[in-house]
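Hi,

Here is the structure we talked about, ready for you to open. My notes on what turned up in it follow below.

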Amino acid sequence: TLRHRRIALWIPEIDVWEHIHGMLRHTAGNFAGDFAIAAQEYGDGVLLEEEGLRVSALHNTHLPARADGAWRSFGFAIEAEGKKVVFSGDTGGVGELLPLLEGCDLLLMETGHHPPVEVVRQLQDADALPGMLGFIHHGRAILNDREGQLRELRALLGDRVAILEDATTLEV
């Protein structure tokens, strides 16, 4: 028999997981396997710290807070082996990321709601540029003119900026 594993799932709204899990239980095989998912809510602060890996969350205003005041949208800092990567996901604005950016080697910043050239200028104005900036989750500016956007970004940051695609690998 297969060993029963426990997989930790951190989610900002536990009831969202409960609904997803309820739906999955009605699929072929009833979402049964050799694992159990242990879901737990999280908020601001350290989510995981073990074996040289530290993951921290900081809320943002991309989504409004719940009625109980809990936040539903977060950015993350992942630190390991002396390196720091910040992942923005969607955000209410570049300024919300600033507390995460000190010592940041790579910022993965979404462009679905934020024009990339404007993001760079805001980071420059805040004196918060990371070592490398990778744009993800592309919005219209990149989808409509990827090469033009890349030229503008490179004029501002040189090789310290990249427009990333799925399955891109970067060395930090």
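**Salt bridges and what else turned up**

At 25% relative accessibility, Arg 72 counts as partly exposed, where buried means under 20% relative accessible area, exposed over 50%, and partly exposed in between (1.4 Å probe, protein chains only). Before going further, please keep in mind that this is a predicted model, in which local features need pLDDT of at least 70 and side-chain atom pairs count only at pLDDT 80 or more, while totals for chains, interfaces and linings use all residues. Residues are numbered from 1 along each chain as its sequence is written, and side-chain values use heavy atoms, with hydrogens and water left out.

Back to Arg 72: it forms a salt bridge with Glu 13, the closest N and O atoms being 3.6 Å apart. A salt bridge here is a side-chain nitrogen of Lys or Arg within 4 Å of a carboxyl oxygen of Asp or Glu. This pair links distant parts of the chain, with Glu 13 in the loop between S1 and H1 and Arg 72 in the loop between S4 and strand S5 (74–80), 59 residues apart. Helices (H or I, at least four residues) and strands (E, at least two) are DSSP runs, numbered from the N terminus. Glu 13 is buried, because its relative accessible area is 16%.

How many salt bridges does the structure hold? There are seven. One of them joins the side chains of Asp 34 and Arg 5 (3.2 Å, N to O). Here too the partners come from distant parts of the chain: Asp 34 lies in the loop between H1 and strand S2 (35–41), and Arg 5 in strand S1 (residues 5–11), 29 residues apart. Both count as partly exposed, Asp 34 with a relative accessible area of 23% and Arg 5 at 38%.

Glu 165 and Arg 146 also meet through their side chains in a salt bridge (2.2 Å, N to O). Glu 165 sits in the segment after S9 and Arg 146 in helix H4 (residues 146–157), 19 residues apart. Glu 165, at 43%, is partly exposed, and so is Arg 146, at 27%.

Seven strands form an open sheet in the order S3-S4-S5-S6-S7-S8-S9, with mixed pairing; two strands pair if DSSP finds at least two bridges between them. At the edges are strand S3 (45–50) and strand S9 (161–163), each of which pairs on one side only. S3 and strand S4 (residues 53–59) run antiparallel and are joined by five bridges. Leu 48 stands opposite Val 55 in S4.

A search of the whole structure finds three aromatic pairs, meaning rings of Phe, Tyr and Trp (its six-membered ring) with centres within 6.5 Å; planes under 30 degrees apart count as stacked, over 60 as edge-to-face and the rest as tilted. The rings of Phe 31 and Phe 35 have centres 5.9 Å apart and planes at 80 degrees, so this pair is edge-to-face. Ring pairs also link Tyr 42, Phe 74 and Phe 76 into a cluster.

Met 23 counts as exposed because its relative accessibility is 54%.

Best wishes
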